[in-house]
Structures are given as C-alpha cells and as structure tokens.
Amino acid sequence: MKKKTQKELLQELDRLMRRLSEIVERDFASLSPQQFNWKPSPKSWSIGECLDHLNIISAYYVGPLEQLLKKGRKAKKPKAEYYKAGIFGRRFVQSVQLNEDNQLGLKMKSPKAYQPSQSQYVPASIIQPYLAYQEQFRDFLADAQALDINRYKLGIAILPLIKLRLGDMLRFLIYHNERHIVQAQRVQHQAAFPH
C-alpha cells in the first residue's frame, strides 16, 4: 500500500462505504424474497445471509468504536500525519481484502457467533439495518479524522486479546464489508438465479 496520510485513508474508506451502500440499494433493495434468499448451493450463502452477516459484525463493533472515539476525543493527543499499518492489522486486512482482479483471496469460515441468524429473510428487514449501520460507520470515519488512528486500538471480535490500531480496524471492517457485497453480487449473477 502506498504511503497515505490519515486523512487520505479515511476519505478513501468513506468513498468505498458510500459505493457499497449504493450497490446494496441499487442491486438488492428491489429483489423479491425468493431472489434475496436464493442460494447457489446448500453450503453457499444467499444475498440475505451475506448482508445479515455484515449486520451481525456491525452490531458487534458499534459500541466499542463509539467508546474508543469518545475516549480519543477526550484525550486530545497530537496525531501523526501518516497512517501506518500494524503487523497484525496488515495481516487481518490482507485476509479479507479483494485482490486486484476483484477476487476473494483466502476462503474463510465465519465463527458460529457471526454466521447468518436464519436462512429466510424479508429483504427490507436486512437492507434497512445494513444501510443504517453503513451511515453510522461513515460517521465513525468522520469522527476518526480528529484522532491519531495509529494510536488507539480495538480488540477484534473473534480474538479480543488481539488489538488492532483504529486505522487497521476500520480498513478491516470496510474491506470485509466489500468482500461480502461482492459475494452477494456473484450470487445475483449466477445463471440459475431466479428472475
């Protein structure tokens, strides 16, 4: 990754979040329940399951991110100009980030606690919370502009003892989001997808 200022990184992540929300509204909001819940195979996720998984992850991180940002605003510490990935952060981001060909790198199984909660959804019941979480995360990105995103750390959901720098955590969450939106788009583009 090319050296970026913290401001550049946060703006880039905000643009990606906005694009992902637009994709969800454009491609998935008008789907029928049959389309939203269709799976290419029994072990694959439907569009609804991809978005439900993202809602579960977002719900987990909202509270800790709010607390961390509040703590950072109170501390009023000076901030470094450039973003610097941590060792663990770089690895976690690479594990979810799409490659140059927009392909998924590593295949991973989500821990049970973060898997979709059911298999049949009403599209609006998943899409509305998804869009609301994305708006909340965009607010977090705006709030993070005032902090040193290299200084503050947050534990990851699957191993809370491993703490990532705020900048790494935001990258991880947003690239993880992108990964599953692309996965959902691939479901929609399957030849057998119901029309």
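**Entry 1: the whole chain**

I began with burial: 49% of the 195 residues in the protein are buried (buried is under 20% relative accessible area, exposed over 50%, partly exposed in between, with a 1.4 Å probe and protein chains only). This is a predicted model, where local features need pLDDT of at least 70, side-chain atom pairs count only at pLDDT 80 or more, and totals for chains, interfaces and linings use all residues. Residues are numbered from 1 along each chain as its sequence is written, and side-chain values use heavy atoms, with hydrogens and water left out.

Next I looked up the fold. I found six helices and two strands (DSSP runs numbered from the N terminus: helices are H or I with at least four residues, strands are E with at least two). Along the sequence the pattern reads α-α-α-α-α-β-β-α.

Then I checked size. A compact globule with 195 residues would have a radius of gyration near 16 Å, and the protein agrees because it has 17 Å (taken over C-alpha atoms; the globule rule is 2.2 Å times the number of residues to the power 0.38). The C-alpha trace spans about 55 × 30 × 30 Å along its principal axes.

I also looked at contacts (heavy atoms within 4.5 Å). Of those between residues at least 6 apart in sequence, 84% join residues at least 24 apart.

**Entry 2: Asn55**

I turned to Asn55 in helix H3, residues 47-75. Is Asn55 buried or exposed? Asn55 counts as buried because its relative accessible area is 7%. Its side chain reaches the backbone oxygen of Ile126 at 3.1 Å. I noted this as a polar contact (a pair of N or O atoms within 3.5 Å; within protein, one must be able to donate a hydrogen and the other to accept it, and residues adjacent in sequence count only if both atoms are side-chain atoms). Leaving aside neighbours within four places in sequence, Asn55 is in contact with Ile126, Pro129, Tyr130 and Tyr133.

**Entry 3: Arg179**

I found Arg179 in helix H6, residues 166-188. Arg179 is buried, with a relative accessible area of 7%. Which backbone oxygen does the side chain of Arg179 reach? It reaches that of Ser95, at 3.3 Å. Arg179 and Gln97 are 82 residues apart in sequence, yet 6.7 Å apart in space, C-alpha to C-alpha.

**Entry 4: Asp27**

I ended in helix H1, residues 6-28, where Asp27 is found. Asp27 counts as buried because its relative accessibility is 15%. Not counting residues up to four places away in sequence, Asp27 touches Gln185 and Gln188.
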